[in-house]
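Please view the sequence and the model first.

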Amino acid sequence: MTRRMETFRGVVYPAQCDAMGHLTIKEYMGFFDQAAWHCLLALGFHSDDILKRRIGFADVRHVVEYKHELLSGELVRAESEVLRVGGKSLTTRHELFNAATRTLSATLEAVTVQYDLEKRQSVALFESSGRTVAAVAAEIDVHETVLRHWIDQLGASAKRPNAG
C-alpha cells in the first residue's frame, strides 16, 4: 500500500440527484474521475505533458461499491492511493466520503492503462511520464526496489504464454 492522498472535494447539487434525492451513479463516477486525475497529477502526469506527448489513459477495469447514500447539499471528499504499479498500468483505489460525517459513501478500484494516442497501443507507464522510477517511488511512498519488483512482475506475467 502507498500513502493515501486527498484528491477531490466537492458538493452534491440538487441537479446531480435522482428522484429520491440521492446522488446518481453517473455523478459518483464523475467525482471518482476527478479524483483519478488528481492522483495522476500527484504521480507526475501533468495534463500539459500528456497533451504534448499525445499519451492518454484508459480505465480498463472498475470495481465500485456503494456504501452509504449521498444527498443534495452534502459536502464530499475523496482519498486515493496506488495499490499496484505495472509496466503499462496502475491500480488505484479511491474512497468517497461525506466530508462532515466522514462516512464512507463509495469506493472505486480502477486499473488504468497508459497508451499512445496516435498508435492506439499501450506504452510504458513511467518512461512516458518523463520521471524516474526512483522519483515515482518516493512520491507514492514505497521503496524503489518494491516499485521495480512490481514493474518486473507485471512485465514477466505479460510475457508468459497464455495457457488457454
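The points below cover confidence, overall layout, nonpolar cores and aromatic contacts.

This is a predicted model, in which local features need pLDDT of at least 70, side-chain atom pairs count only at pLDDT 80 or more, and totals for chains, interfaces and linings use all residues. Residues are numbered from 1 along each chain as its sequence is written, and side-chain values use heavy atoms, with hydrogens and water left out.

**Confidence**

- The protein averages a pLDDT of 83, and 76% of the residues score at least 70; pLDDT is the predictor's confidence in each residue, from 0 to 100.
- Over residues 154–164 the pLDDT stays under 50, and the model has 4 contacts beyond four places in sequence for them; a contact means heavy atoms within 4.5 Å.

**Overall layout**

- The protein contains 4 helices and 6 strands, where helices (H or I, at least four residues) and strands (E, at least two) are DSSP runs numbered from the N terminus.
- Along the sequence, these elements follow the pattern β-α-α-β-β-β-β-β-α-α.
- Of the contacts with a separation of 6 or more, 67% are between residues 24 or more positions apart.
- Of the 164 residues, 41% are buried; buried means under 20% relative accessible area, exposed over 50%, and partly exposed in between (1.4 Å probe, protein chains only).

**Nonpolar cores**

- The largest nonpolar core has 15 residues, and V12, F31, L70, V76 and L96 have the most contacts inside it; such a core is a set of buried Ala, Val, Leu, Ile, Met, Phe, Trp, Tyr and Cys residues joined through side-chain atoms within 4.5 Å.
- At least two residues of this core come from each of α1 (25–42), β3 (75–85) and β5 (104–116), with α1 giving the largest share, 4 residues.
- A second, separate core of 11 residues includes L43, I50, V82 and L125.

**Aromatic contacts**

- The structure holds 4 aromatic pairs; rings of Phe, Tyr and Trp (its six-membered ring) pair if their centres lie within 6.5 Å, and planes under 30 degrees apart count as stacked, over 60 as edge-to-face and the rest as tilted.
- W37 and F57 form an edge-to-face pair, 6.2 Å centre to centre with 90 degrees between the planes.
- Because W37 lies in helix α1 and F57 in strand β2 (residues 55–66), this pair ties together parts that are 20 residues apart in sequence.
- W37 counts as partly exposed at 40% relative accessibility, whereas F57 counts as buried at 16%.
- W37, F45 and F57 form one aromatic cluster.
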